[in-house]
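This briefing goes through one protein model, topic by topic. Please keep the sequence and the 3D view open while reading.

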Amino acid sequence: MKNLYLILFSTIIYLATISSFAQNSSLQKKQTVIKSVEKHQQELIALSDSIWGFAETALMEHKSSKMLADYAERQGFRVTRGVADLPTAFIATYGSGKPIIGVMGEYDALPGLSQKVQTTKESHTPNAAGHGCGHNMFGPGSLGAAIAIKELMEAGQLSGTIRFYGTPAEEDLAGKVYMARAGLFDDLDVCLDWHPSYENEANTQSSQAITDFTINFKGKSAHSALDPWNGRSALDAAEFFTSGINSLREHVKPSVRMHYVYKNAGQVPNVVPAEASVWLWIRDSKRSGVAAIAERMKNIAKGAALMAGVDSEVVMNNGLYEILTNEIGAKTLQKNIEIVGPIIYTEEEIKFANTIMKAYGSESKGIDGSIHPIKKKRKDPAGGSTDVGDVSYIVPEISLSATTAPAGAPWHSWVVVSCGGMSIGHKGMLFASKSLGATMVDLFEDKSLIIKIREEFIRKKGKEVWKAMLPDGPAPIPNSN
Ligand SMILES: [Zn+2]
């Protein structure tokens, strides 16, 4: 009996030693990831600053994507450019076999937001685009994590495949949906991404599903004074339509958002408008909610056309799914952002943040570099949609927010552009590289973790079958002239 206790005791000690050795070795690998990001930090910052300067809008990101793809190639990745018939999309791969872990990087800018790196509003180039969503940091930050993993693979410390996705046109045209429709995410085990923010946190919140429509009305032109009885006004129909949409607001759930603009409302008052069109976006917490409202909207379009005696046509431009969150993935990320630790700012950076917020007309609250605990999931997400949602219906997605702007900064504004071109943004980007890289170490090392993440994914996805909400044919590539 005594011997049995002795054997049992020795076994426990042995297993504890093995487990603590594994933890130490995993921690060492994460320290190697952090060192790798620090080793490459000047290059990553140079990439981010160059893309900030290029400020290329959706599907026009030729210089930005080339610079990232060239850098990945120089680091030893196999690069495939122009994937999914999108000239500015690419995939950079290193390693082989399972697991296959993906990480996404965006790089498109927003029109009309050109801004200098300073605390007052002033265009860098008048009327030009600017990185008001911080995507200049997004691509290099994610690539930095992939490079750190590649280096661990080169050193024989990890095995499998790491894949960086250069995903264009997030702000417009839904680049990732085209890549998803081409099946480019299908064989991934887990995918990661991050987004610039004013808080550091492992994301547990979803986004809104959205569908983008154009409603065209066609009538008959006539002289507005001489023979208006011969005319059939498409503008009348457009007005009946928007009036119907505004009445519909009263009878939808509070989570629904509908917003529209008139794209075409006639040319001059003395011609009865033969053509009019309305551009409408419908959002809700779930894809199914948007689909139900869309059916009611189609009837309103038909009714409006009947009232005006014109024809109507509803065109679906594209649509996005809400993000399917993954709590086991988020908890894994949380452990790693705690290892990386909070972002520390200098006095000058805090002064810059406070001055720029005051200049914008908002309260100055410093910069929040702390690590927030995981938030409880809200039933209905805050407003906003992203094409990451579609990817999250194909493969489990782990998402990070990293501070690149002052606390409470107005998003899609010149404040975000300015901070994304200087050290406040750079620090958030490097924090993201380290946090994503460290999280990937867990994914490459622990098969059971991937199984648990995927089990949650399958359970949450339920019976929903992902389908790209895109018109047939390739993406409409803008003319570069
Ligand atoms: Zn964004």
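Which residues form one aromatic cluster together with F90? The cluster consists of F90, Y107 and F164.

The model is predicted, so local features are reported only at pLDDT of at least 70 and side-chain atom pairs only at pLDDT 80 or more, while totals for chains, interfaces and linings use all residues. Residues are numbered from 1 along each chain as its sequence is written, and side-chain values use heavy atoms, with hydrogens and water left out.

**Zinc site**

- The zinc ion has C133 (SG), H135 (NE2) and H195 (NE2) as its protein donors, at 2.1 to 2.2 Å.
- Donors here are N, O and S atoms within 2.8 Å of the metal (3.2 Å for Na, K and Ca); water is not among the atoms, so sites may look incomplete.
- Along the chain, the spacing of the zinc donors is C-x1-H-x59-H.
- C133 sits in the loop between β3 (100-105) and α3 (135-154), and H195 in strand β5 (residues 190-197); the pair is 62 residues apart and links distant parts of the chain.
- Helices (H or I, at least four residues) and strands (E, at least two) are DSSP runs, numbered from the N terminus.
- C133 is buried at 7% relative accessible area, whereas H195 is partly exposed at 22%.
- The terms have these cut-offs: buried is under 20% relative accessible area, exposed is over 50%, and partly exposed is in between (1.4 Å probe, protein chains only).

**Aromatic rings and charges**

- The model holds 12 aromatic pairs, counted for rings of Phe, Tyr and Trp (its six-membered ring) with centres within 6.5 Å.
- Planes under 30 degrees apart count as stacked, over 60 as edge-to-face and the rest as tilted.
- One of the pairs is Y360 with W414, which is tilted because the planes stand at 45°, with the ring centres 6.2 Å apart.
- Y360 belongs to helix α8 (residues 347-360) and W414 to helix α10 (residues 414-420), so this pair ties together parts 54 residues apart in sequence.
- Y360 is partly exposed at 37% relative accessibility, while W414 is buried at 8%.
- The charged end of K263 sits over the ring of W279, at 5.5 Å from the ring centre.
- Likewise, R287 places its charged end over the ring of Y321, 5.7 Å from the centre.
- A charge sits over a ring if NZ of Lys or CZ of Arg is within 6 Å of the ring centre and within 35 degrees of the ring normal.

**Domains and their interface**

- The chain is assigned to domain 1 (31-207 + 322-461) and domain 2 (209-317), with bounds from an automatic or database domain assignment.
- The C-alpha centres of domain 1 and domain 2 are 37 Å apart.
- Seven residues from domain 1 and seven residues from domain 2 make the contact, where contact means heavy atoms within 4.5 Å.
- About 540 Å² is buried between domain 1 and domain 2, with 41% of it on carbon and sulfur atoms.
- Buried area is the accessible area (1.4 Å probe) that two parts lose on being put together, summed over both.
- On the domain 1 side, E322, D380 and S385 lose the most area to domain 2, together 71% of what that side buries.

**Two residues and their surroundings**

- A209 is in strand β7 (residues 209-218) and is buried, at 0% relative accessibility.
- Beyond its neighbours within four places in sequence, A209 has contacts that include R287, Y321, E322 and S385.
- Y260 is in strand β8 (residues 257-264) and is partly exposed, at 25% relative accessible area.
- Not counting residues up to four places away in sequence, Y260 touches T242, I245, N246, R249, V278, W279 and L280.

**Backbone details**

- K98 and P99 are joined by a cis peptide bond, with omega about -10°; P99 is in the loop between β2 (90-95) and β3.
- N127 is not a glycine but has a positive phi of about 65°.
- N127 lies in the loop between β3 and α3 and is exposed, at 77% relative accessibility.
- H412, also not a glycine, has a positive phi of about 55°.
- H412 is in the loop between β11 (397-403) and α10 and is partly exposed, at 39% relative accessible area.
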